[in-house]
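Please take a moment with the sequence and the model shown below before reading on.

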Amino acid sequence: QVQLVENGGGSVQAGGSLRLSCVASGYKYSSNCMGWFRQVLGKEREGVAAIYGGGSSTYYADSVKGRFTISQDNVKNTVYLQMNSLKPEDTAIYYCAADPGSCEEFRYWGQGTQVTVSS
């Protein structure tokens, strides 16, 4: 019954910005952990950002710290990932995921959205 749907991916030039969104059905973000991950061919999935503690706490991978911002709207039950100063290395499929616990075991996943950054 839990469904996560990502939107907002696309193609941009280096230095540009994109905003990803993840809408949840059958799940409440405010009382759980939500995360953004990305994956490229031939590499392991990488954790990008997470928001938890009712939205009071956040985590960012070193590779995106200072450029990406995760946020959530509890009324709309939507999580966002604002991506600024994009680099070609950010090119990947981005997934949102939900953990009913504390960001340790993500059990629900979206279908992914493609982000392509050209130089």
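This is a predicted model: local features need pLDDT of at least 70, side-chain atom pairs count only at pLDDT 80 or more; totals for chains, interfaces and linings use all residues.

Residues are numbered from 1 along each chain as its sequence is written, and side-chain values use heavy atoms, with hydrogens and water left out.

Because C22 lies in strand β3 (residues 18-25) and C96 in strand β9, the pair ties together parts that are 74 residues apart in sequence; strands here are DSSP runs of E with at least two residues, numbered from the N terminus. Both cysteines, C22 and C96, are buried, where buried means under 20% relative accessible area, exposed means over 50% and partly exposed means in between, with a 1.4 Å probe and protein chains only.

The other disulfide joins C33 to C103, with a distance of 1.8 Å from S to S. The torsion about the S-S bond of C33 and C103 is about 105 degrees, so this disulfide is right-handed. Distant parts of the chain are linked by the pair, since C33 belongs to strand β4 (residues 33-39) and C103 to the loop between β9 and β10, 70 residues apart. C33 is buried, with a relative accessible area of 0%, whereas C103 is partly exposed, at 23%. E104 also lies in the loop between β9 and β10 (108-109) and is exposed, with a relative accessible area of 67%.

The charged side chains come next. Side chains of opposite charge can pair when their charged atoms come close, and a salt bridge is counted when a side-chain nitrogen of Lys or Arg is within 4 Å of a carboxyl oxygen of Asp or Glu. The structure holds four salt bridges. In one of them D90 and R67 meet at 2.8 Å, N to O. D90 is in the loop between β8 (78-83) and β9 (92-99), and R67 in the loop between β6 (57-60) and β7 (68-73), so the pair ties together parts that are 23 residues apart in sequence. Both D90 and R67 are buried, and salt bridges that share partners join R38, E46, R67 and D90 into one network. Within that group E46 pairs with R38, the closest N and O atoms being 2.9 Å apart; E46 is partly exposed at 29% relative accessibility, while R38 is buried at 6%. K65 and D62 form a salt bridge as well, with the closest N and O atoms 3.4 Å apart, and here K65 is exposed at 52% and D62 is exposed at 69%.

What, then, surrounds E6, which is buried yet has no salt bridge? E6 lies in strand β1 (residues 3-7), and the nearest side chain of opposite charge, R45, is 9.3 Å away, with Lys and Arg counted as positive, Asp and Glu as negative, and His and the chain ends not counted. The side chain of E6 reaches the backbone nitrogen of G112 at 2.9 Å, and a polar atom of that side chain lies 3.0 Å from the backbone nitrogen of Q111. Leaving aside residues up to four places away in sequence, E6 touches S21, C22, W36, Y94, Y95, C96, G110, Q111, G112 and T113, where a contact means heavy atoms within 4.5 Å.

Strand β2 (residues 10-13) runs parallel to β11 and is joined to it by four bridges, two strands being paired if DSSP finds at least two bridges between them. V12 has V117 as its bridge partner in β11. β9 and β11 pair in the antiparallel sense over three bridges, and there the bridge partner of Y94 is T113.

Technical notes: A polar contact is a pair of N or O atoms within 3.5 Å; within protein, one must be able to donate a hydrogen and the other to accept it, and residues adjacent in sequence count only if both atoms are side-chain atoms. A disulfide is a pair of cysteine sulfur atoms within 2.5 Å.
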